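Here is a friendly briefing on how the inside of this protein model is packed. Have the viewer open as you read, and look up each residue as it comes along.

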Amino acid sequence: MLTPQDELLAHQLPTTFDHVQQSDLRWTERVVLYGFDTTGEISVMTGMARYPNRNVLDAYAMVTIGNKTAHVVRLSREIGDRYDGIADWTVGPFKYEIVEPLRTVRATLGDNDHGIRLELELAGEFPAYEQEPAFFRSRGRVREDARRYYQNGRVSGWIEVEGARFEIDPDTWWFGRDHSWGTRHGGGGGSLGEGEGLQPGDIPDGVLYYMGIFQFDDELVHFAQRETADGQRWHFEGTVLSPLDSGRQPIPIATTDHALTFRDDFRIVRGGSFTVRSADGRDREFTITPVSGFWPGLAGYDHYRGYASGLWKGPNWSDGFTADLTDTADLKQVSMLSETFCRVETEGKVGYGLVEMVCMGRNARYGYEGY
């Protein structure tokens, strides 16, 4: 079936843009925008995902206030023959637009029955940059085959929650985005059921995954690493970027190390530092101080309150709720993936950033003995 995207000189398969190369139900394309007010207590995460082999397009918005409540809207629709413009997509009152490719995007959540409205426009201050390819097999099957790019920049707009309006001051907000596509593993569509009679997935002894995106006035530092229970690195990426139009080339990061402390209730960073060695031989320590956190699992990355991203919910569906972030028992349902917004210090400079983490099972370095 023809779509608006078929107008583009961008085909890579002898078919139309409503198809992907494979029929794997885990194949997902996802956009995410996230950020926080560095002087206050509000943060936001929003985005959408396309599941071409499930005939599902879904979206969400989650506003976290005071580390105490998360206000969530989740929406889903069938793809069918409902395609939007070349550079915009909608799910109910949610709309995602590409204003200027690899520079500026906009997310809007209009009037709805769930008490959240917003308009966010992100203008890149740093270049969009690619993730190292992630390709892994398990038991003969492709476990993960995905690509991604990230970008940080300056956000403008507003957020409304239950009648209270928050005007965004671009000078005090930290904001970023990512765009991923391919066969996923884990949350966000990669762990949804695919039918009966399948061998259960293998459970590792332990895994530590962490990502840092640290922004300063003159640079953006990004790194991500996956480790076994005994600290063996099995996937890594890292780069240091200068602002857009600076003319300076990115500097690869060779290695990272970590010395972290964790909360008592969850394996979420409470403090500590990352040591980063760039390819030019420079070693730097980045000390983090958490400011606020958010839980992607509430918005659909995990199965929660009868829903997970990618599930078929009918031609049109939405729900909304407020989660109590002080209810530890409830949050254990979505505690695999954590996101922590931080104040970051290095060599006398102060910036802000995001630490994303999965810490499960045994971990020799931090003394965890199992799940």
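**Aromatic pairs and buried cores**

Searching the whole structure turns up 23 aromatic pairs. Rings of Phe, Tyr and Trp (its six-membered ring) count as a pair if their centres lie within 6.5 Å; planes under 30 degrees apart are stacked, over 60 edge-to-face and the rest tilted. This is a predicted model, in which local features need pLDDT of at least 70 and side-chain atom pairs count only at pLDDT 80 or more, while totals for chains, interfaces and linings use all residues. Residues are numbered from 1 along each chain as its sequence is written, and side-chain values use heavy atoms, with hydrogens and water left out.

**Ring pairs**

- Phe 36 and Trp 174 make a tilted pair, because their ring centres are 6.1 Å apart and their planes stand at 50 degrees.
- Phe 36 belongs to strand S1 (residues 27–37) and Trp 174 to strand S13 (residues 173–183), so the pair ties together parts 138 residues apart in sequence. Helices (H or I, at least four residues) and strands (E, at least two) are DSSP runs, numbered from the N terminus.
- Both Phe 36 and Trp 174 are buried; buried means under 20% relative accessible area, exposed over 50% and partly exposed in between (1.4 Å probe, protein chains only).
- Phe 214 and Phe 286 are also a tilted pair, because the centres are 5.8 Å apart and the planes at 40 degrees.
- Phe 214 sits in strand S14 (residues 206–215) and Phe 286 in strand S19 (residues 283–294), so this pair ties together parts 72 residues apart in sequence.
- Phe 214 has a relative accessible area of 0% and is buried; Phe 286 is buried too, with a value of 0%.
- One aromatic cluster is formed by Tyr 34, Phe 36, Trp 174, Phe 294, Phe 341 and Tyr 352.

**Charges over rings**

- Arg 267 lies over the face of Tyr 368, 3.9 Å from the ring centre. For a charge to sit over a ring, NZ of Lys or CZ of Arg must be within 6 Å of the ring centre and within 35 degrees of the ring normal.
- Lys 349 has its charged end over the ring of Phe 216, at 4.9 Å from the centre.

**Nonpolar cores**

- The largest nonpolar core has 36 residues, and Tyr 34, Met 62, Ile 213, Trp 295 and Leu 298 have the most contacts inside it. Such a core is a set of buried Ala, Val, Leu, Ile, Met, Phe, Trp, Tyr and Cys residues joined through side-chain atoms within 4.5 Å.
- S14 gives the largest share of this core, four residues.
- A second, separate core has 28 residues, including Val 31, Ile 42, Leu 118 and Phe 175.

**Arg 74**

- Arg 74 lies in strand S4 and is buried, with a relative accessible area of 0%.
- A polar atom of the Arg 74 side chain lies 3.4 Å from the backbone oxygen of Leu 298, and the side chain also reaches the backbone oxygen of Arg 305 at 3.4 Å.

**Met 45**

- Met 45 is found in strand S2 (residues 42–51) and is buried, with a relative accessible area of 3%.

Notes:
A polar contact is a pair of N or O atoms within 3.5 Å; within protein, one must be able to donate a hydrogen and the other to accept it, and residues adjacent in sequence count only if both atoms are side-chain atoms.
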